[in-house]
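Hi there,

Here is the structure I promised to pass on to you. Please have a look at it first, and then read my notes below.

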Amino acid sequence: MKFLSFLKSLKPEKSNKKVVLKTGAVVMCCLALVAINISFDRIAEAASGTKRQIPIYRVAREDNKASISFDAAWGNEDTKQLIDILQKYDVKATFFVVGQWVDKYPESVKALSDAGHEIMSHSDTHPHMPQLSAENMRAEIRNTADKIEKITGAKPTLFRPPYGDYNNMLIDVLREEGVYCIQWDVDSLDWKDLPSEEIATRVIGKMKPGSIALFHNAAKNTPASLPAILEAMKEKGIELVPISELIYYENYQINHAGEQQLKAAPPKDAENSTPTEGTPKENPEEKAYDAPLNPFYR
């Protein structure tokens, strides 16, 4: 707003060409500064040779398992209804909750946990995490974890960044805290208040083994869309499990599309062999959390 007011204050007289030129120069400089500020993180990473780290968007599975998840940050009107629907279809889900939501609705957190759903972290105050220092990131993670553990008895091991917004520092901090960063590959778009039929059609068409679907606990038509989705998953033979049961914890890598994959086991006769000239070395681009920007990133 201040920037717009500033521009309005620079209205030149038609006859004053110098003022027009100066105004144009100021505008161009301001726009350049904005562009530099927006791109700073990526420019810094490129300059340092640091590769873009990414979270887990989906998992390569051969056993037809997938997950549905709900972000809880604002309202609470439909939480009980979601619990009842999930219980009817014997499905356990993952709920990513904001610390402030936990403060406001502790009874709902307990009800979700008692119903067998896992409660994971969605930050404490729902900020854009890349705008924080490492210290403040850690505070967001730890504060929420303490609140969740106090109610459920279990400390969260998964974290979903608000707005899906992340950077290398966040993933580094999460790794130091022993927490996995989780995104999604199937977006229900329920927050747009799409008709329940449209939400169901969208999710059913995109879900496959290893998928992680994103819903919101307070979206208007999410409860009405769930029965059709859950029935379709059963017909497809897809078993819906909490995300903690979907992901891998050892010997994995994350590819350029954000898919977590198990690494191929080395041949038995090569385990104790000495590398010789021409023997391929480990590709650093195939290490966990070591891949370019995910196409789903937003």
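This is a predicted model: local features need pLDDT of at least 70, side-chain atom pairs count only at pLDDT 80 or more; totals for chains, interfaces and linings use all residues.

Let me start with the rings. The structure holds five aromatic pairs. In one of them, the ring centres of Phe-70 and Phe-95 lie 4.8 Å apart with their planes at 15°, so this pair is stacked. Phe-70 belongs to strand β2 (residues 65-72) and Phe-95 to strand β3 (residues 94-97), so the pair ties together parts 25 residues apart in sequence. Both Phe-70 and Phe-95 are buried. Ring pairs also bring in Phe-215, which forms a cluster with Phe-70 and Phe-95.

Tyr-180 and Tyr-249 make an edge-to-face pair, with 5.2 Å from centre to centre and 90° between the planes. Tyr-180 sits in strand β6 (residues 180-181), while Tyr-249 is in the loop between β9 (239-240) and β10 (252-254), so parts 69 residues apart in sequence are tied together by this pair. Tyr-180 counts as buried at 15% relative accessibility, whereas Tyr-249 is partly exposed, with a relative accessible area of 39%.

Now the helices. Helix α6 (residues 134-152) packs with helix α7 (residues 168-176) at an angle of about 50°, and their axes are 10 Å apart. The two are therefore oblique to each other, and their crossing is right-handed. From α6, Ala-134, Met-137, Arg-138 and Ile-141 meet Met-169, Leu-170, Val-173, Leu-174 and Glu-176 of α7. Seven of the residues in this contact are nonpolar, two are charged and none is polar.

How values were computed: Residues are numbered from 1 along each chain as its sequence is written. Side-chain values use heavy atoms; hydrogens and water are left out. Axes are lines fitted to C-alpha atoms, for helices over the stretch in contact, and angles run from 0 to 180 degrees between N-to-C directions. Helices (H or I, at least four residues) and strands (E, at least two) are DSSP runs, numbered from the N terminus. Angles under 35 degrees count as roughly parallel, over 145 as roughly antiparallel, 65 to 115 as roughly perpendicular and the rest as oblique. A crossing is left-handed if the near helix is turned anticlockwise from the far one by less than a right angle, and right-handed if clockwise. Contact means heavy atoms within 4.5 Å. Ala, Val, Leu, Ile, Met, Phe, Trp, Tyr, Cys and Pro count as nonpolar, Asp, Glu, Lys and Arg as charged, and the others, Gly among them, as polar. Rings of Phe, Tyr and Trp (its six-membered ring) pair if their centres lie within 6.5 Å; planes under 30 degrees apart count as stacked, over 60 as edge-to-face and the rest as tilted. Buried means under 20% relative accessible area, exposed over 50%, partly exposed in between (1.4 Å probe, protein chains only).
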